[in-house]
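Here are my notes on the model you sent over. I have set them out as numbered points, so that you can check each one against the coordinates.

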Amino acid sequence: MTLASLTKPWAPMSYGFLDASAKRELRRKMVKAVCVPGCQMPYASREVPMARGWGTGGLQVSLTLINPQTCVKVIDQGADDSVNAASIRRFLSRVSGAPVTLDTLQADLIQSRHRIPEEILREDQVLVLQVPNPEPLRSVQPNMSIARQMHGDADYGRMWLQLYEQIVRSGRVMQGASYPSMVNGRHVMTPSPIPRWDVPKLHMAKHLTILSAGREKRIFAVPPYCRVEPLVFDDVPYRVEDHAGLTCSRSGAKGFFMNEVPQDDGTSAFELSDSEYGVKSIRRAEGDPVDLGDTWYTNGELTK
Amino acid sequence: MAYVATRGGERAIEQSERLFRAELGQIDAARVAEVKQALPYLVDRVMGEASLYDEDLAALALAQTGGELYEAVLVLRAWRTTQPRLTVAAPIEQDDLFTHRRISAAFKDIPGGQVLGPTLDYSHRVLATDVLTGTPYDPPAVEPAADPAPAHQPSVSAWQAANDLVDLPKPDAATGEAIPDLTREPLLFPSKRAHTLQSLARAETGGVLALGYAAMRGYGQAHPTVNELRLAEAEIVVKHPNGTEFSAGRVKVSQAEVVSKKGERLGLGFAATLGWNEVKCISAATLDLNSKGAPKGSPTEEEFFLYHTEGVEASGFCIHFKLPHYVTFQSSLDAMRDAKATRAAEQEPAE
Amino acid sequence: MLTTPIPDAAETRSNATFDAILWALSRPGLPRNLPEPGEAALIEALLDRECAAYAGDPLLIPVLAQSGARLVDLSEADHVFFGRLLDAEYLRACRVGSDLYPDDGATLVIRARIGQGATVRLTGPGVNGVVELQLDGLPAGFWQERARLIRYPMGFDLLFLDGDRLIGLPRSTKVEVL
């Protein structure tokens, strides 16, 4: 045996940046994440050429799944043109040779920060969500060891208490995004900070969702056809953001999650948060033959 | 089309990077060599935090990031993580260290002697402004000692153990691949001893100092005495597949042992890093000394200080707040406005 | 700055194999094709020197050794390659993890014939309503033993291998013997 036989020929970079052993560790953890939906699985989380907190968890999953035929879409806040989305898309394509797209319908793999696209995802698509804080219990228990024990015991009493206190104080649950949700009736997860509007899209979805926190080194998953139920009290129903009646000032589309854009006159204008859906809506209005997929919401009402 | 074309974002990020790089100008081998020669202690700090010992690569990382330390450590770690792990070197014993500097505050003199070695400790910190007005500073020649200190020194704690003052940690039986590796597996708590020491070795110097200092000031349970501080060089001994052991070279290492009275015995805290990083070693050893039995959530609790001194993660999370957060913000606004409107509606009939 | 790397044969194979594994475990009971038949592709995609493996079939020992995985007793293995499983009692020794760390539960690979033999009915995450699965070559009492040992989220996850066809059965799947 020689030293050379222990390694492989030198290359400036592995395919997809991550080396084979990093990918195998991620694969093993993804397997466990899918098998125990919503349960946070610890993983080594290698450094990648991007700052922690900038999507390194999602990036490691995408880099493991990607091959030269994978069509990739990357969004941040719903937008493909956000600078960090552009940066991640460019990196993914550069280290894998994979084609990129802005169209949700064309994508095999969608890496996203803070949004799920408005068009319904199919069985053959995988959604990778970047997660800053994977721990739904963080606000009631910052210590990760204690929080893990609470998950182990399915001890979510303090979580419920916090929601109850909000209702007592403010008349409603004040949680904005990352609404704590029960997965497969056992593990409470934070659905990354997607808005409440997007949480029902995870429930009994056709696609697989993988959520990955690079900095905090935790990965979890929501398989297709899996129950994802926001924590609510029987008499206080779950409420998504009050966007059903809003109209996009650019595309005219109505009944989707919107960005609020403050105006000089003190009022607000609204525009579609899912930027490519907005672009496609405009192009269709202009007479272009554009494929607009079925959407999770129709006129602001959940359709499925 | 009313939406910003995607190319806008891509062009902006490309040009912003160009702006940064244009300021730094051409980076060539000479600049890297200059950084390596001129700033060895900075190179050591970067090698320690990146847990990669290569002075040239560390100097290159500093050169290409313009000395933006967090970026330098990140770029080096990102390179490191893709490298194959060929072998695990033999453990390094204190007695085998080729020692440059070794001091103990616990005793006036120690077996093997106090060796000051290179330090600014007793220098007067006066800025050499003459250099800027054309008078170069030439360091005075070092006068060799008539009776040079031995290169290899016993450890102070070994003497204390022999005198029944301290319980030395049990030797760790794990060898080779069985040694837990923080860069290949997640940090979980209670932490494996190897993970704790690796995490401290990689920790961000300023962060370790801040929390270590908090412990020293009184937020810890134990007041440290520097039992032994060492700056040294260590042989990296590896085994060739044919069975021969050989030295692959020497690396600079630093280590600190701090002690404090715990009942009738001394408690021991330890830290070691690649490169010469005195402040970090003493601070890290102080945190280690204080961690046993520390209350949950206190700055001297292992989970607290290991998580919060991880510089790549901490700095990354800090700068991530520059990213747009308007979706989550919108979601919060919605809940706030609704709560406010509901309250106003409730109060109306009473008026 | 850098040229785009090209995947080599091993990377391409591992990528496709894992795609099948992930798909199969996300859709319990529905078969998926592997790029090539047998355990070797699974081992290549998942295992290395950080793993502890058990080989029920001695022919798999060299393949596992090549991966760098340590060969250990059944009770210590994170990946178990039974080959054909002759006795359901072997399941009792397999790791199920803990409530704190369910990921310590093992992944078991068992050879079986898909589309023959007794039918079971699957429900749970990944199953759209109900899926019926026919598997042959499993020992008597297999499903009863599995049900007895899995205390969700503790449990083990199953991959059934029939040539180049793969079926996944995570611990979250409820199995009803018909």
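What percentage of the contacts in chain B with a separation of 6 or more comes from residues 24 or more positions apart?

1. **Chain B overall.** The value is 64% of the contacts in chain B with a separation of 6 or more, where two residues are in contact if their C-beta atoms, placed from the backbone, lie within 7 Å. This is a predicted model, in which local features need pLDDT of at least 70, side-chain atom pairs count only at pLDDT 80 or more, and totals for chains, interfaces and linings use all residues. Residues are numbered from 1 along each chain as its sequence is written, while chains are lettered from A and ligands numbered from 1 in the order in which they are written.

2. **Make-up and extent.** Chain B contains twelve helices and four strands; helices (H or I, at least four residues) and strands (E, at least two) are DSSP runs, numbered from the N terminus. The C-alpha trace of chain B spans about 90 × 55 × 55 Å along its principal axes. Chain B has 351 residues, of which 34% count as buried, meaning that 20 or more other C-beta atoms lie within 10 Å of the residue's own; exposed stands for 12 or fewer, partly exposed for values in between, and C-beta atoms are placed from the backbone.

3. **Two domains in chain B.** Domain 1 of chain B puts twelve residues into the contact and domain 2 of chain B puts in 14 residues. On the domain 1 side, the elements giving two or more residues are α3 (40-50) and α5 (69-80) of chain B. The largest share of that side, six residues, belongs to α3(B). By class, the domain 1 side holds six nonpolar, two polar and four charged residues; Ala, Val, Leu, Ile, Met, Phe, Trp, Tyr, Cys and Pro count as nonpolar, Asp, Glu, Lys and Arg as charged, and the others, Gly among them, as polar.

4. **Chain B against chain A.** Here 47 residues of chain B touch 60 residues of chain A. On the chain B side, α1 (6-24), α5, α11 (311-320) and α12 (326-347) of chain B are the elements that give two or more residues. With twelve residues, α12(B) has the largest share of that side. The chain B side divides into 23 nonpolar, 14 polar and ten charged residues.

5. **Chain C against chain A.** This contact takes 34 residues from chain C and 35 residues from chain A. On the chain C side, α1 (9-26) and α2 (39-46) of chain C each supply at least two residues, and α1(C) gives the most, with eight residues. The classes on the chain C side are 18 nonpolar, eight polar and eight charged.

6. **A helix pair to look at.** Two packed helices are described by the angle between their axes and the distance between the axes. Helix α1 (residues 20-35) of chain A and α1(C) have axes that come within 9 Å and cross at roughly 10°; axes are lines fitted to C-alpha atoms, for helices over the stretch in contact, and angles run from 0 to 180 degrees between N-to-C directions. The pair α1(A) and α1(C) is therefore roughly parallel: angles under 35 degrees count as roughly parallel, over 145 as roughly antiparallel, 65 to 115 as roughly perpendicular and the rest as oblique. From α1(A), the residues Arg27(A), Met30(A), Val31(A), Val34(A) and Cys35(A) meet Phe18(C), Ile21(C), Leu22(C), Leu25(C) and Ser26(C) of α1(C). This contact has eight nonpolar residues, one polar and one charged.

7. The peptide bond from Phe189(B) to Pro190(B) is cis, with omega near 0°, and Pro190(B) is in the loop between α6 (156-162) and α7 (193-202) of chain B. Tyr152(C) and Pro153(C) are also joined by a cis peptide bond, with omega about 5°. Tyr225(A), which is not a glycine, has a positive phi of about 50°, and Tyr225(A) is buried, with 20 other C-beta atoms within 10 Å. Ser51(B), again not a glycine, has a positive phi of about 45°, but Ser51(B) counts as partly exposed, with 18 C-beta neighbours inside 10 Å.
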